[in-house]
Amino acid sequence: MFYKEMGDGFPLVLIHGFPLDHSIWNECMISLSKKFRVIAPDLHGFGKSTDTPANSSMAGMAHSIQTLLIRMGIEQVALCGHSMGGYSALSFAEQFPASLRNLILISSHIFSDSEEIKKSRFSTMEVITKVGAKNALANMPGKLSDQPKTQQFCMNLLQKIKDRSATISLKAMAERRDAISVWKELEDRAMVLAGDSDNFLPIGTIREMEAINPLSSVKIFEGVGHLPMLDIPNIVSAEIIEIFKE
Ligand code: MLT
């Protein structure tokens with residue numbers, strides 16, 4: 001598993017979403033590394049990491065993060081997961097509670113897919129088999145952000161996406177379980193950051209998470225879409241640093 005590392009201090013692991021890689025955190029890493037030892041891996045099948053296992057799941061992704069941490073001699077971390085990275089971070093919280101201090105979700109949530117979303121994931125998988133992931137997901141950058149710079153960044157990443165990784169990840173997301181009880185148990189160690197203009201995550205979902213765990217910290221960014229770490233990196237970093245203040 002490839003990872004980028006920067007800074008000293010308590011380890012903070014940043015997990016990217018679908019179909020991206022560690023580079024979405026590049027700007028955030030600069031400010032976060034003043035306080036943390038920041039580690040940003042590429043999930044298997046993405047960026048510079050080796051291929052996705054055929055039976056990939058959120059639990060498997062979480063397991064590969066834990067394997068990396070063991071290899072690095074790290075016992076406890078704060079995890080920050082974006083979207084699909086958040087789903088795998090929730091699975092990490094469930095499987096390895098002793099290894100987790102804080103969980104931060106960015107543009108991510110604790111529920112399993114609705115039947116409608118599942119159906120759309122399976123139809124995207126079918127389109128990928130016909131025209132390839134690059135073409136099947138070509139309209140995604142426009143939905144992720146309204147910022148031309150962010151859209152271009154995502155468009156460039158999309159050129160590198162492997163059909164196999166895209167298909168396997170879509171299936172893994174469709175098959176994931178909810179993480180409601182884990183979220184509740186995290187109490188004040190849980191945080192969620194999201195934009196109110198996210199085409200993938202309605203604000204109502206974030207409000208439901210707040211009701212399920214009233215001790216969690218919730219921050220909504222106005223006019224921001226699915227990628228706050230690219231659209232407003234300094235604000236995102238400042239929010240993360242803030243929760244670690246005494
Ligand atoms: C992501 O950004 O990782 C995906 O959009 C998540 C999802 O489709 O649920």
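How many nonpolar, polar and charged residues does the lining of the largest pocket have? The lining has 13 nonpolar, twelve polar and four charged residues. Here Ala, Val, Leu, Ile, Met, Phe, Trp, Tyr, Cys and Pro count as nonpolar, Asp, Glu, Lys and Arg as charged, and the others, Gly among them, as polar.

## Basis of the model

This is a predicted model, in which local features need pLDDT of at least 70 and side-chain atom pairs count only at pLDDT 80 or more, while totals for chains, interfaces and linings use all residues. Residues are numbered from 1 along each chain as its sequence is written, and side-chain values use heavy atoms, with hydrogens and water left out.

## The largest pocket

The volume of the largest pocket is about 640 Å³. Among its 29 lining residues, I117, S120, R121, M140 and F200 are the closest to the centre. A pocket is an open set of points on a 1 Å grid over the protein atoms alone, where a 1.4 Å probe fits and protein lies on both sides within 12 Å along at least five of seven lines; lining residues have an atom within 4 Å of a point. The volume is the space filled by probe spheres set on the points, which are joined across faces, edges and corners.

Helix α4 (115–131) gives the largest share of the lining, four residues. At least two residues each come from α3 (84–95), α4, α6 (140–144) and α8 (163–174). Helices (H or I, at least four residues) and strands (E, at least two) are DSSP runs numbered from the N terminus.

## The ligand

The ligand takes up the space of the largest pocket, a placement that requires more than half of its atoms to lie within 2 Å of the grid points. Around the ligand are G17, F18, H82, S83, M84, Y87, R121, M173, F200 and H226, each with a heavy atom within 4 Å of it.

## Two backbone details

The peptide bond from F18 to P19 is cis, with omega near -5 degrees. P19 is in the loop between β2 (11–15) and α1 (26–32).
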